[in-house]
Amino acid sequence: SEIKLAVQGFYNNVTLNIRDTSRIYLRNISAPYSIVDSAKGVIDSVTFLGSFLFSNAPSGTYYLQVKSRNGLETWSKAGGEIYTAGSPFSYDFTSSVSQAYGNNLILKAGKFCQYNGDVNQNGLIDLTDLIQIYNDGSNFTTGYVATDVNGDGFVDLSDITIVYNNASGFVAKIVPPGAEPSVKDADVKDKL
């Protein structure tokens, strides 16, 4: 399956975009929206496509739930998507704001992107995320860490700016009514 996804802080239409790993969960379309299958893939920095192999899901209609290092949990549009086991499947989150449940995407340089900055993966981009980024920035943290929101390898003011703007807009995950928490925060961090 090919899923097209751009992450807000990693997408830049002028300089090189950042490749990163995401996990997609196929979830039933009725409450409590149980997980049927999951796959991990790398989102390409040029095409924004990731290859995801769902080997356990039977044919049916499912929501796609996106989880990533510091991305805000994002679900596919209301009603779900038809998936046929063993057949090619594709979905494009970048083409329209309506591709995400509750229109929970941000337009950046012509592409609809997954919000990012949910460093602690609690479904909100808020002060707790800002504090973690501030602390890591004060400690000159570098590398592949959740607090590096723009993916440049450094935790600094540019990361704080993205998260501050999202927190000021009260950005939070939007899920179907009755959706239960899907995965413990530690499980997501360990799997990415």
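## Ser98 and its surroundings

The side chains of Ser98 and Ser96 are joined by a polar contact of 2.8 Å, a polar contact being a pair of N or O atoms within 3.5 Å, of which, within protein, one must be able to donate a hydrogen and the other to accept it, while residues adjacent in sequence count only if both atoms are side-chain atoms. This is a predicted model, in which local features need pLDDT of at least 70 and side-chain atom pairs count only at pLDDT 80 or more, whereas totals for chains, interfaces and linings use all residues. Residues are numbered from 1 along each chain as its sequence is written, and side-chain values use heavy atoms, with hydrogens and water left out.

Ser98 is found in the loop between strand S8 (90–92) and S9, where helices (H or I, at least four residues) and strands (E, at least two) are DSSP runs numbered from the N terminus. With a relative accessible area of 37%, Ser98 is partly exposed, a class that falls between buried (under 20% relative accessible area) and exposed (over 50%), computed with a 1.4 Å probe on protein chains only. Not counting residues up to four places away in sequence, Ser98 touches Lys77 and Asn103, contact meaning heavy atoms within 4.5 Å. Ser98 and Ser34 are 64 residues apart in sequence, and their C-alpha atoms are 23 Å apart in space.

## Confidence of the model

The protein chain has a mean pLDDT of 92, with 93% of its residues reaching 70 or more; pLDDT is the predictor's confidence in each residue, on a scale from 0 to 100.

## The H1 and H2 pair

Helix H1 (residues 127–138) packs with helix H2 (residues 157–168) at an angle of about 170°, their axes being 9 Å apart; the axes are lines fitted to C-alpha atoms, for helices over the stretch in contact, and angles run from 0 to 180 degrees between N-to-C directions. H1 and H2 are therefore roughly antiparallel to each other, since angles over 145 degrees count as roughly antiparallel, under 35 as roughly parallel, 65 to 115 as roughly perpendicular and the rest as oblique. On the H1 side the contact is made by Asp129, Leu130, Ile133 and Tyr134, and on the H2 side by Asp159, Ile160, Val163, Tyr164 and Ala167. By class, this contact has 7 nonpolar, no polar and 2 charged residues, where Ala, Val, Leu, Ile, Met, Phe, Trp, Tyr, Cys and Pro count as nonpolar, Asp, Glu, Lys and Arg as charged, and the others, Gly among them, as polar.

Thr161 is placed in helix H2 and is partly exposed, with a relative accessible area of 41%. Between Thr161 and Arg23, 138 residues apart in sequence, the C-alpha to C-alpha distance is 26 Å.

Asn150 is found in the loop between H1 and H2 and counts as buried, at 17% relative accessibility. The side chain of Asn150 reaches the backbone nitrogen of Asp152 at 3.2 Å, and a polar contact of 3.0 Å joins it to the side chain of Ser158. Leaving out residues up to four places away in sequence, Asn150 touches Gly9, Phe10, Ile18, Ser158, Asp159 and Ile162.

## Backbone geometry

Most residues other than glycine have a negative phi, and most peptide bonds are trans. The peptide bond from Ala31 to Pro32 is cis, with omega near 5°, and Pro32 lies in the loop between strand S2 (20–28) and strand S3 (35–43).

Ala109, in the loop between strand S9 (106–108) and strand S10 (111–113), has a positive phi, near 50°, and is partly exposed, with a relative accessible area of 44%. Gln121 lies in the loop between S10 and H1; its phi is also positive, near 55°, but Gln121 counts as buried, at 4% relative accessibility.

Ala6 is found in the loop between strand S1 (2–4) and S2 and counts as buried at 1% relative accessibility. Apart from its neighbours within four places in sequence, Ala6 is in contact with Phe48, Thr94, Phe112, Cys113 and Gln114.

Thr21 lies in strand S2 and is buried, with a relative accessible area of 16%. The C-alpha atoms of Thr21 and Gly50 are separated by 8.6 Å, the two residues being 29 apart along the chain.
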